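Please keep the sequence and the model in view while reading.

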Amino acid sequence: MIRQFVLFFISSMMITTVWATDVEHSPTVAKHSVIVFVSMSMPRQSLITTLHDANKIKASVVMRGLVHNSFKETFQEIAGLVIEAGNGGIELNPQAFKRFHIETVPAVVVISPDHPCLTHEVCDRERDYDVMAGNITLVAALKEIRDRGVAAPQEARHAIDVLQGGAYV
């Protein structure tokens, strides 16, 4: 009982768990220029590394749905990952997947944090944001976006600087 309470207390301090119906009301997605889309089907170590790196650059980490359709299991899984990663959190937000047309994970979206697309129904992938998906690290995805992106290469460059210790967010 005490262990469960401590885990709940620690987890509730470090996890943003939201079932958002709208991206603009999301506590994290609407504030960040880097959004990382993940799934519990990814290898555990990849999730831990992603959470660790995303936390360094204050990126939002988003998951589509629940583990085994259970809030309790989802919360426990996220809590364990957050503890192993040293901090961070995962937001449950299926609408963000729709807004940014995310079909595969991991995926990294880079967008200007004040872009109007964040408050509209649909974002245009060609114009409003840059995305990189596949089995790739966060820093590698950001480098691809920095080098080939059209919507937010400066935001990707800044995030890389932070990840590599050259700047502070």
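The expected span of a helix is 1.5 Å times one less than its number of residues. The model discussed here is predicted.

Q: How many helices and strands does the protein have, and in what order do the elements run?
A: The secondary structure comes to 6 helices and 5 strands. Read from the N terminus, the order of the elements is α-β-α-β-α-β-α-β-β-α-α.

Q: What distance does helix H3 reach from its first C-alpha to its last?
A: Helix H3 covers residues 71-85 and has 15 residues. At 1.5 Å a residue, a span of 21 Å is expected, and the helix comes close to this. The distance from the first C-alpha to the last is 21 Å.

Q: Which residue has a side-chain oxygen that reaches a backbone nitrogen at the start of H3, and which residue follows the helix with a positive phi?
A: At the start of H3, the backbone nitrogen of Lys72 has a side-chain oxygen within 3.3 Å, and this oxygen belongs to Ser70. After H3 comes a residue with a positive phi, near 95 degrees, and this residue is Gly86.

Q: Which residues of H3 are buried?
A: A residue counts as buried when its relative accessible area is under 20%. In H3 the buried residues are Thr74, Ile78, Ala79, Leu81, Val82 and Ala85.

Q: In what order do the strands form the sheet, and which are the edge strands?
A: An open sheet with mixed pairing is formed by 5 strands, in the order E3-E2-E1-E4-E5. An edge strand pairs on one side only, and the edge strands are E3 and E5 (130-133).

Q: Is the pairing of E1 with E2 parallel or antiparallel, and which residue of E2 is the bridge partner of Phe37?
A: E1 and E2 are joined over 4 bridges, and the sense of the pairing is parallel. Among the residues of E2, the bridge partner of Phe37 is Val62.

Q: Do E1 and E4 run parallel or antiparallel, and which residue of E4 is the bridge partner of Val34?
A: Strand E1 (residues 34-38) and strand E4 (residues 107-110) are joined by 4 bridges and run antiparallel. The bridge partner of Val34 in E4 is Val110.

Q: Which residues of strand E2 point one way, and which the other way?
A: In a regular strand, side chains alternate between the two faces of the sheet. Strand E2 (residues 60-63) has residues pointing both ways, and all of them are buried. Ser60 and Val62 point one way, whereas the other way is taken by Val61 and Met63.

Q: Is Glu91 buried or exposed, and with which side chain does it make a polar contact?
A: Glu91 has its place in strand E3 (residues 91-92). Because its relative accessibility is 1%, Glu91 counts as buried. The side chain of Glu91 makes a polar contact of 2.9 Å with the side chain of Asn93.

Q: How many aromatic pairs does the structure hold, and how far apart in sequence are the parts that Phe37 and Phe97 tie together?
A: The structure holds 3 aromatic pairs. The pair of Phe37 and Phe97 is edge-to-face, with 4.9 Å centre to centre and 80 degrees between the planes. Phe37 lies in strand E1 and Phe97 in helix H4 (residues 94-99), so the parts that this pair ties together are apart in sequence by 60 residues.

Q: Why do Phe37 and Phe97 count as buried?
A: The cut-off for a buried residue is a relative accessible area under 20%. Phe37 counts as buried because its relative accessibility is 0%, and Phe97 does so because its value is 2%.

Q: Why is the pair of Phe100 and Tyr129 edge-to-face?
A: Planes over 60 degrees apart count as edge-to-face. The ring centres of Phe100 and Tyr129 are 5.0 Å apart and their planes are at 90 degrees, so the pair is edge-to-face.

Q: Which residues do ring pairs link into a cluster?
A: Both Phe100 and Tyr129 are buried. Ring pairs link these two into a cluster with two further residues, and its members are Phe37, Phe97, Phe100 and Tyr129.

Q: What is the volume of the largest pocket, and which helix gives the largest share of its lining?
A: The volume of the largest pocket is about 230 Å³. Its lining has 14 residues, and those nearest the centre are Ser46, Thr50, Pro106, Asn135 and Ile136. The largest share, 4 residues, comes from helix H2 (residues 44-56).

Terms used:
Residues numbered from 1 in each chain as written. Predicted model: local features only at pLDDT ≥ 70, side-chain atom pairs only at ≥ 80, totals over all residues. Heavy atoms only, no water. Helix = DSSP H or I, 4+ residues; strand = E, 2+ residues; numbered from the N terminus. Buried < 20%, exposed > 50% of the residue type's maximum accessible area, 1.4 Å probe, protein only. Polar contact = N/O pair within 3.5 Å; in protein donor to acceptor, adjacent residues only side chain to side chain. Pairing = 2+ DSSP bridges. Phe/Tyr/Trp six-rings, centres within 6.5 Å; stacked < 30°, edge-to-face > 60°. 1 Å grid on protein atoms, 1.4 Å probe; cavity = no way out; pocket = protein on both sides within 12 Å on 5 of 7 lines; lining within 4 Å. Points joined across faces, edges and corners; volume = space filled by probe spheres on them.
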